[in-house]
Every structure is written in C-alpha cells, then in structure tokens.
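Dear colleague,

Please find below the structure that I am handing over to you. My findings follow it, grouped by topic.

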Amino acid sequence: MRTTLGLGGNLDNPVRAMALALRTLDARADCQVISVSRLYRTPPWGKTDQSFFYNSCAAVDTTLTPEALLDVCLDIERQMKRVRIERWGPRTIDIDVLTYGDLEQVEPLLTIPHPRMVERGFVLMPLADFAADLVVKGRAVADWLRDVDVEGIEVADENRDWWRTA
C-alpha cells in the first residue's frame with residue numbers, strides 16, 4: 001500500500017535523525033521508500049518559543065497494516081530518544097502517518113488521513129513536492145496548500161536525495 005509520512009524535528013541533529021529514520025524504513029523488507037521531498041526549514045508551530053524545525057515528507061510502499069506502520073514509526077522515534085513531554089514541543093524526531101492509500105479511519109490511536117495535515121504548511125509544502133495531485137479529504141494537496149500559511153517556510157536542501165547522505 002502507498003502511504004505518506006511526515007517527518008520533523010528540532011533538537012540535536014534533526015536532519016540526521018530524519019535521514020536515519022527513512023533509511024531504517026527503507027532497509028525493512030516490508031517498507032520501501034519511493035519518494036522523498038526536499039528538506040524544509042520551518043518556524044515552530046503551536047508552541048513558538050523554540051528552535052526552527054526541519055521537515056520533510058516521504059511516500060513509502062508497505063505491506064504493513066496502518067497500525068503496524070505506526071508502531072514501526074514509534075519504535076524508530078524511541079530508538080532516536082524521542083521524549084514526549086509537551087504537545088508541539090521540541091523533539092529529536094516526529095514521524096506521522098499522513099495517508100494510507102485512500103483509507104479513511106478514525107480510531108483512538110490512529111486517524112487517517114492525519115486529522116490536521118491539511119492545516120499545516122510544513123506538511124503540505126513537502127508533500128506537494130511529490131504528491132501535489134494526491135486527494136486528501138476531497139481536495140488535492142496543491143489546493144489545500146494554497147489555503148494555508150507558509151510564511152517563513154524555506155527550502156533547506158533542494159536535493160531530494162538528502163536523506164541518503166545526511
């Protein structure tokens with residue numbers, strides 16, 4: 001199943017952490033990284049008194065169920081010392097399951113599509129790098145992107161293979 005993931009972080013070396021997470025997923029027999037966005041530097045959102053974030057998105061083909069994929073992502077976060085102290089607070093890495101094919105579900109542990117993804121420029125900008133036509137909640141990613149605040153978001157690395165060498 002084709003899934004999309006959102007990655008971000010702002011503690012220690014978030015670019016290295018995101019790259020390692022993507023390489024870890026790609027090395028699994030049940031996941032294959034198909035496409036990765038450019039790397040973006042974004043102002044903090046929600047809780048604004050912290051360092052800028054780095055964000056990216058990836059398309060991953062997987063044979064895992066949505067819940068199993070979430071478990072794998074959470075395991076990777078834990079391996080990278082992700083600690084959940086405060087909502088929208090600083091973090092070494094965050095990996096969100098954004099979409100899973102055209103599945104729509106609302107479950108206590110996993111809502112797909114991600115419930116707030118269409119409100120966030122730091123998700124939509126990188127996602128549009130490779131999935132501008134992807135329909136989420138009845139609209140294409142490119143259409144959602146036109147309606148969100150992207151002020152301060154900038155491309156940090158144009159090379160979409162940044163994750164292979166970081």
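Please note that this is a predicted model. I begin with the charged side chains.

Salt bridges

At 28% relative accessibility, Arg139 counts as partly exposed. Its side chain meets that of Asp147 in a salt bridge, with 2.8 Å from N to O. Asp147 itself is exposed, at 54% relative accessibility.

In total, the structure holds nine salt bridges. One of them is formed by Arg38 and Glu158, whose closest N and O atoms are 3.2 Å apart. Arg38 is in the loop between strand 2 (31-36) and strand 3 (39-42), while Glu158 is in the loop between strand 10 (154-157) and helix 5 (162-165), so this pair ties together parts that are 120 residues apart in sequence. Arg38 is partly exposed, with a relative accessibility of 22%, whereas Glu158 is exposed, at 54%.

Another salt bridge joins the side chains of Arg146 and Asp143, at 2.1 Å from N to O. Both residues belong to helix 4 (residues 141-146) and are three residues apart, about one turn of the helix. As a general point, an α-helix has 3.6 residues a turn, so residues three or four places apart point the same way. Arg146 is exposed, with a relative accessible area of 62%, and Asp143 is partly exposed, at 26%. Elsewhere, salt bridges with shared partners join Arg38, Asp129 and Glu158 into one network.

Helix 3

How many of the 11 residues of helix 3 (residues 121-131) are buried? The count is 10 of the 11, so helix 3 is largely enclosed by the rest of the structure. Among the buried residues are Phe122, Leu124, Met125, Leu127 and Asp129. The elements that cover the buried residues of this helix include strand 1 (2-9), strand 3, strand 4 (53-62), strand 5 (94-100) and helix 4.

In soluble globular proteins, nonpolar side chains tend to be buried together. In this model, the largest nonpolar core has 30 residues, and those with the most contacts inside it are Leu5, Leu7, Leu22, Ile95 and Trp162. At least two residues of this core come from each of strand 1, helix 1 (14-27), strand 2, strand 4, helix 2 (66-79), strand 5 and helix 5. Helix 1 gives the most, with seven residues.

With its neighbours within four places in sequence left aside, Trp162 is in contact with residues including Val15, Met18, Ala19, Leu22, Val36 and Leu39. Its contacts also include Arg38, the residue that forms the salt bridge with Glu158.

Aromatic rings

The count of aromatic pairs comes to zero. A further charged residue does lie over a ring, however: Arg41 is placed over the face of Phe52, at 3.9 Å from the ring centre.

Cysteines

A search of the whole structure finds zero disulfides. For Cys31, the nearest cysteine sulfur is that of Cys73, 7.5 Å away. Cys31 is buried, at 4% relative accessibility. Cys57 likewise is in no disulfide, and the nearest cysteine sulfur to it, that of Cys73, is 12 Å away. Cys57 is buried, with a relative accessible area of 1%.

Backbone geometry

Most residues other than glycine have a negative phi, and most peptide bonds are trans.

- Ile112 and Pro113 are joined by a cis peptide bond, with omega at about -5°. Pro113 lies in the loop between strand 7 (111-112) and helix 3.
- Asp12 is not a glycine, yet has a positive phi of about 55°. Asp12 is found in the loop between strand 1 and helix 1 and is exposed, with a relative accessible area of 75%.
- Lys137, also not a glycine, has a positive phi of about 50°. Lys137 lies in the loop between strand 8 (135-136) and strand 9 (139-140) and counts as partly exposed, at 40% relative accessibility.

With kind regards

How values were computed: Residues are numbered from 1 along each chain as its sequence is written. This is a predicted model: local features need pLDDT of at least 70, side-chain atom pairs count only at pLDDT 80 or more; totals for chains, interfaces and linings use all residues. Side-chain values use heavy atoms; hydrogens and water are left out. A salt bridge is a side-chain nitrogen of Lys or Arg within 4 Å of a carboxyl oxygen of Asp or Glu. Helices (H or I, at least four residues) and strands (E, at least two) are DSSP runs, numbered from the N terminus. Buried means under 20% relative accessible area, exposed over 50%, partly exposed in between (1.4 Å probe, protein chains only). Contact means heavy atoms within 4.5 Å. A disulfide is a pair of cysteine sulfur atoms within 2.5 Å. A nonpolar core is a set of buried Ala, Val, Leu, Ile, Met, Phe, Trp, Tyr and Cys residues joined through side-chain atoms within 4.5 Å. Rings of Phe, Tyr and Trp (its six-membered ring) pair if their centres lie within 6.5 Å; planes under 30 degrees apart count as stacked, over 60 as edge-to-face and the rest as tilted. A charge sits over a ring if NZ of Lys or CZ of Arg is within 6 Å of the ring centre and within 35 degrees of the ring normal.
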